[in-house]
Amino acid sequence: MSHPASPARATGRRRAAPARLAGLALALAGGLACAATPATPEPVPPGLPPLGSDWQLPNPYRDQPEVRAAGAAAYERHCANCHGEGAQRPVAEGPDLRRLNGFCQRLVDSALKARCLKDVDAYFLESVLDGKRRAGMVHMPPWRGVLPQETIWAIRSFVEARRVPPPRTLPDLPPGGAVLRAAPPR
Ligand code: HEC
C-alpha cells in the first residue's frame, strides 16, 4: 500500500528543515499567532512502546489507555495553541480534532468501523507530517522529521479519547424524540 507517510517519502528528513522554517516564516507573516515548530527531531517520549522505523497504520496504540498521558503532554506542547487546550476548547485557528472520528463512531459493523478509523488515521498522519497549506499560506506547519510516529500516534489516541460535545439541538424539539441527538459517548 502506498500512503503519504510511506518510508520512501519519510527519507526527506534533512530537506524538510529549510521548508519548515520557510513555512514558519509564512505562518508568522500570515498572522497565525500560534506555536512555533521545534527545529530538531524529538526523541520518543519515555514510556511509549517503540514502533520501529516502518510507518504503522492503523494507529498501533488504539485502545491502549496507557499511552494517553504521553499523548496529552505532546498535544499540549505542539498542538494546543491552534487546536484548543486539552483538545476540549476549539479555537479559531484550527479545527476541533475530536470530531475527526464522528462518522466512524456511528458505524455499527465493527470491521467497517475499523476500516473507517484506519482511513482517518492515514489522514491524521498525513496532516501532521505534511502540515496544511492553502493558497501558498501555511495554516499548519509540517512535523515530518520532528515528531516520531510514537508521539503522533499517542497524540491521536489522546485526542480520540476526548469526549465530543453533543450537537446543538433546537430548544423546541420534543423530549427524547430528537433526530439530531448525538451518538452516545463512548
Ligand atoms: C499553527 C497552528 C497549528 C498547529 C501548531 C497545529 N495545527 Fe493542525 N491545523 C491547523 C489548521 C489551521 C488546520 C486546518 C487547515 C486546513 O484545513 O487547511 C489544521 C488541521 C489539522 C488536521 C486536519 C483536521 C481536519 O479536520 O481536517 C489535523 C489532523 C491536525 N491539524 C493535527 C494537528 C496536530 C496533531 C498538531 C500537533 C502536533 C497540530 N495539528 C498542530 C493549525 C495548526
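How many of the 12 residues of α7 are buried, and is α7 enclosed by the rest of the structure or left open? Of its 12 residues, 12 are buried, so α7 is largely enclosed by the rest of the structure; a residue is called buried if 20 or more other C-beta atoms, placed from the backbone, lie within 10 Å of its own, exposed if 12 or fewer, and partly exposed in between.

This is a predicted model, in which local features need pLDDT of at least 70 and side-chain atom pairs count only at pLDDT 80 or more, while totals for chains, interfaces and linings use all residues. Residues are numbered from 1 along each chain as its sequence is written.

**The whole chain**

Begin with a cartoon view, in which 7 helices and 2 strands can be picked out, running α-α-α-α-α-α-β-β-α from the N terminus; helices (H or I, at least four residues) and strands (E, at least two) are DSSP runs, numbered from the N terminus. Buried residues make up 26% of the 186 residues. Among contacts between residues at least 6 apart in sequence, 69% join residues at least 24 apart, a contact being two residues whose C-beta atoms, placed from the backbone, lie within 7 Å.

**Helix α7 and its partner α3**

Select residues 149-160, which form α7. The end C-alpha atoms of α7 are 16 Å apart, which agrees with the 16 Å that its 12 residues should span at 1.5 Å a residue, the expected span being 1.5 Å times one less than the number of residues. The cover over the buried residues of α7 includes α3 and α6 (110-130).

Axes here are lines fitted to C-alpha atoms, for helices over the stretch in contact, and angles run from 0 to 180 degrees between N-to-C directions. The two helices α3 and α7 are therefore roughly perpendicular to each other, since angles of 65 to 115 degrees count as such, under 35 as roughly parallel, over 145 as roughly antiparallel and the rest as oblique. To see the contact, show R68, A70, G71, A72, A74 and Y75 of α3 together with T151, A154, I155, S157, F158 and V159 of α7.

Now centre on A154, which touches L48, Y61, V67, A70, G71 and A74, not counting residues up to four places away in sequence.

N59 is buried, with 23 other C-beta atoms within 10 Å, and it touches D121, W153, R156 and S157, leaving aside residues up to four places away in sequence. The C-alpha atoms of N59 and A122 are separated by 8.7 Å, although these residues are 63 residues apart along the chain.

P58 lies in the loop between α2 and α3 as well, and a cis peptide bond joins L57 and P58, with omega about 0°. Most peptide bonds are trans, and most residues other than glycine have a negative phi. Select D63, again in the loop between α2 and α3, where phi is near 60°, a positive value in a residue other than glycine; D63 is exposed, with 9 other C-beta atoms within 10 Å.

**The loop between the strands**

Finish at A135, between β1 (132-134) and β2 (137-140). Phi of A135 is near 50°, a positive value in a residue other than glycine, and with 5 C-beta neighbours inside 10 Å, A135 counts as exposed.
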